[in-house]
Every structure is written in structure tokens, then in C-alpha cells.
Amino acid sequence: MSGAAISEKQKQDYAKIVKQFKPAQRIWRNIFWAFIVGGFICLIGQFFINIFLSQGLSTKEANSAASSTLIFIAALLTGLGVYDEISRFGGAGGIVPITGFANSMVAPAMEYRAEGLIFGVGAKLFTIAGPVLVWGIFTAWAAAILYYFFK
Amino acid sequence: MDYLLAFVVGGSICMIGQLLIDLTSYKFTSAHVLVTFVTAGAVISALGFYQPLVDLAGAGATVPLSGFGHLLAQGAINGATQKGIMGAFTGGVTAAAAGITAAVVFGYFAALIFKPRG
């Protein structure tokens, strides 16, 4: 009987210790995989940039072409349900690259397809891309205006 | 060498995103991550610190969404320097046009062709 009581206390102590250490471990694991997955996506991007450069494109054109290629691949993988696995595995490593931006457009658009081509696909493509474009375009515009007046 | 730099720098930028998700107490969603990166990229680019990173790491700096912010900011700033106020309005989106159009076109097709699972 007292043995059972001790094991109950041990269980509680153990749970306390687990609680203390588990979040920290998870953070380190998340960071590690974000680095690996994100780095790998950028490596693939570099591979495409080098290919397009060797085809005679300028640096700017090669960057744009490589980004577009990555977006195409990400849209395809999202459609096939593969990108969700990459994001679950890599966390921010799957979100931060431009492939994550493409994924954030396709995933809700697919989900709400039943609501039609205008309010379903058309609107939901911009659920996350909308805020991203608003903030990106506004910040860039504001920076340019500041440059114009104060440079 | 360019592959190693792209991997390490790109991976490190994604690590910052993971820290934002894991270390903020409230719900920091992927939308927050993407908006933060595009905005931070545009600001850092306007201050002149992003181009050196692109020169160093190539895709490691251009593939993360901060690179998209850099593209928008440099386009708008170059537009403003060359064409004045109107350039500030046209330059950003012009520079990022390929990425935006690719995302809309491929995204639209993917959403039409594929059905969600689960």
C-alpha cells in the first residue's frame, strides 16, 4: 500500500520534471529542423538560380525565374498534400521560404473550393497573401517616398 | 561554396522564424511569420543591409520571404530615384511581378485541379 503511494508521488515528481524539460527540448528540436528544412529549400533555390544563370539570364531574371519555379513546385506539392508534411516536419523552415508563401495561398483556396470560384478560390488565395502584399507593398512604398524626400 | 552559404544563411533565417513562433506567448501563426519577414526584409533592405546578404548568400537570402520584401523595397526605391514619386508607386510591384503572378497563376491552377485531403 505504502509502496503504491510512493510510486504515485514518484509519478508526480516525474511529471513535474518532464514538464520542466519538455518545452525546452521541443524548441531546440524545432529550431534544428527549421534550419535543416529551410536551408535545404534555399539550397534547391540556389540550384535553380545557377541553372538559369548558365542559360544566360541576368542575376535579377535568374532570381525571379528560380522563385517562380519554387512557387510552382510548392503549389504542386500543396495540391498533392506533401507540403503539409514538410511544414509539420520543418515548422518555420517550411513557412519562411517563398514556397511557404505559395503554400499559404493554395491551401485555403483548395479548402474553400466548394464556395465557388470567386468567393472560394479567388478570395481565399489571398487569405494570407493579402496581408503579406499589403505590408510588403506599403513598407516598400513608404521607404521609397522617404528616400525621395530625404535622400 | 554558394550552395553551402545558401543552406546556412537560409536555414538561419528560418531559425529566426521558428524562434518567433516558439518564444512568443500568444498565438504567432504562419501569417504573422510571413508578414513579419516581408516587412522586416523591406525595412532592412531600405537601410542598405539586405543587399550585402544577397551578395553573400544568393538564394539563402532571396528565397526566404524577407527577400521578397527586399525585392519590393529595392524596386520602389530605384523607381523613386529614377522616375520620382510615380516610380515609388510603380517600382515595387514591377520588381516583384514575376513572383506575384507565378503565385496567383500556379496557386489558382493547383486549387482548381487538386482536392483537399483529410
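Student: In chain B, what share of the contacts with a separation of 6 or more comes from residues 24 or more positions apart?

Tutor: Keep in mind that this is a predicted model. Take the contacts in chain B with a separation of 6 or more, then pick out those between residues 24 or more positions apart. That share comes to 61%.

Student: Let's zoom in on helix α2 of chain B. What distance between its end C-alpha atoms should we expect, and what does the model give?

Tutor: The helix covers residues 30-46, which is 17 residues.

Student: How many of the 17 residues of α2(B) are buried?

Tutor: Buried here takes 20 or more other C-beta atoms within 10 Å. Residues that pass include V33(B), F37(B) and G41(B). Across chain B, buried residues make up 53% of the 118 residues. For α2(B), which is mostly covered, the number is twelve.

Student: Which elements do those buried residues pack against?

Tutor: Both chains are involved here. From chain B, the partners are α1 (2-23), α3 (50-57) and α5 (65-83). From chain A, they are α4, α5 and α7.

Student: How are α1(B) and α2(B) oriented to each other, oblique or roughly perpendicular?

Tutor: Their axes are 10 Å apart and meet at an angle of about 135 degrees. Roughly perpendicular would need 65 to 115 degrees and roughly antiparallel over 145. The pair is therefore oblique.

Student: Which residues of α2(B) make that contact?

Tutor: α1(B) passes α2(B) in a right-handed crossing. From α1(B), the contact takes G17(B), L20(B) and I21(B). Counting both helices, the contact has four nonpolar residues, two polar and no charged. On the α2(B) side, the residues are V33(B), T36(B) and F37(B).

Student: Last one: how many charged residues are on the side of chain A that touches chain B?

Tutor: In the interface, 63 residues of chain A contact 66 residues of chain B. Elements giving two or more residues to the chain A side include α1 (2-54) and α7 (126-150). That side has 43 nonpolar residues and 18 polar ones, and the charged residues number two.

Key: Residues are numbered from 1 along each chain as its sequence is written. Chains are lettered from A and ligands numbered from 1 in the order in which they are written. This is a predicted model: local features need pLDDT of at least 70, side-chain atom pairs count only at pLDDT 80 or more; totals for chains, interfaces and linings use all residues. Two residues are in contact if their C-beta atoms, placed from the backbone, lie within 7 Å. Helices (H or I, at least four residues) and strands (E, at least two) are DSSP runs, numbered from the N terminus. Ala, Val, Leu, Ile, Met, Phe, Trp, Tyr, Cys and Pro count as nonpolar, Asp, Glu, Lys and Arg as charged, and the others, Gly among them, as polar. The expected span of a helix is 1.5 Å times one less than its number of residues. Axes are lines fitted to C-alpha atoms, for helices over the stretch in contact, and angles run from 0 to 180 degrees between N-to-C directions. Angles under 35 degrees count as roughly parallel, over 145 as roughly antiparallel, 65 to 115 as roughly perpendicular and the rest as oblique. A crossing is left-handed if the near helix is turned anticlockwise from the far one by less than a right angle, and right-handed if clockwise.
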